[in-house]
Amino acid sequence: MISKSTISTRPWNGIIDCYRTYLPVSDKTPVITLNEGNTPLIFAPHISKLCNIPGLSVYLKVEGANPTGSFKDRGMTMAVSKSLEEKSKAIICASTGNTSASAAAYAARARANGYKMDCFVLVPKGYVALGKLSQAMIYGAKVVQVKGNFDEALKLVKSIVEKYPVTLVNSVNPFRIEGQKTAAFEVCEQLGRVPDVLAIPVGNAGNITAYWKGFCEYGKSDRPKMIGFQASGAAPIVLNKIVEKPETIATAIRIGNPASWKQAVNAASESGGFIDMVSDEEIIEAYKTLHQMEGIACEPASAASVAGLIKSAKAKKIQPESTVVCVLTGNGLKDPDTAIKSSSQESLEIEADLNKIAKSLGF
Ligand code: AN7
């Protein structure tokens, strides 16, 4: 059992420092960290009421507050540290965007610590949100835009690591899952108990796998029901069939053949939860509600957790008096294009004239 004081009284030096005894690291592991983790868990009063389930409490785990703006940093601190322990000098990943941003940043941080570390990323051309692409580029990764989707890019990087001296840092790298499981520990500590339900977006299915591992290792007999949500145009697990041409506005989870498919199904079934899908319309509705009625930002894929909770509540699949945690996996600033397109605002352009401005504001 981890005591609450690990977060509240110690200086924060990242997830490896805080949860060392729960992670496969030793004194020989060079720790590459950007002080990831310890992200806010924030109560969501509006969504708690909106779900219309008596006594429901909804909390948001704001993973966009991580150093590169997504939960990937928890896994990347582990993956990059372990790759250095194994004397690797280069890392590679396929990515819908966030993994590439995180890998690029932690490679840079390895260089800051005096190591040689190159980073290569393969992303689906035309389907990576602007913020993420710009991050991978400015952190100094070699960015290749592949004329194909994420699933094709992942296949390619798997072949590359078989032939060339470079470490794969996608979530098929087990150290990624180890790092990401620490979010489950934090949720329990911050809440002061294990939640009844954990709602999470599902793309390549590494994160739902990691949270379930974390809850199982946390040392309490209670475990949450894991409810995972895919976008309906990219829902291979729900449809029980590979989606050859995945499509969704939530580009982070535009994935048709998830690497951790079996583990995700296992997390849902062992926990008494389920994996369902939400439409792009439901995702955007939840995305707007989070911003406009909670003041909490996230990227579209992250809103799938809240959209899924709202859908499940309507279908009476959530018990009264439940405490639910929705994971908001990525920062709102990642995808400014979708934010502007989804906003009902028309931006006003008016002369610098008091009367005209006041009139346009409706006074
Ligand atoms: C914001 O960056 O797959 O189910 O290549 O960026 O663990 O894949 C991102 C996935 C949810 C899904 N929310 O997590 C990548 C990538 C956001 C994400 C997911 C992703 P997984």
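**The cavity and its ligand**

By class, twelve nonpolar, 13 polar and three charged residues make up the lining of the largest cavity, where Ala, Val, Leu, Ile, Met, Phe, Trp, Tyr, Cys and Pro count as nonpolar, Asp, Glu, Lys and Arg as charged, and the others, Gly among them, as polar. The model is predicted: local features need pLDDT of at least 70, side-chain atom pairs count only at pLDDT 80 or more, and totals for chains, interfaces and linings use all residues. Residues are numbered from 1 along each chain as its sequence is written, and side-chain values use heavy atoms, with hydrogens and water left out.

A cavity is a set of points, on a 1 Å grid over the protein atoms alone, where a 1.4 Å probe fits but cannot get out; lining residues have an atom within 4 Å of a point. The largest cavity is lined by 28 residues, and Phe-71, Lys-72, Gly-203, Asn-204 and Ala-252 lie nearest its centre. Helix 10 gives the largest share of this lining, three residues; helices here are DSSP runs (H or I, at least four residues), numbered from the N terminus.

The ligand sits in the largest cavity, as more than half of its atoms lie within 2 Å of the cavity's grid points. Around the ligand are 22 residues, each with a heavy atom within 4 Å of it.

Polar contacts are pairs of N or O atoms within 3.5 Å. An oxygen atom of the ligand lies 2.8 Å from a backbone N or O atom of Thr-99, and a polar backbone atom of Asn-204 is 2.7 Å from an oxygen atom of the ligand.

Methods. A polar contact is a pair of N or O atoms within 3.5 Å; within protein, one must be able to donate a hydrogen and the other to accept it, and residues adjacent in sequence count only if both atoms are side-chain atoms. On a 1 Å grid over the protein atoms alone, a cavity is a set of points where a 1.4 Å probe fits but cannot get out, and a pocket is an open set with protein on both sides within 12 Å along at least five of seven lines; lining residues have an atom within 4 Å of a point. Helices (H or I, at least four residues) and strands (E, at least two) are DSSP runs, numbered from the N terminus.
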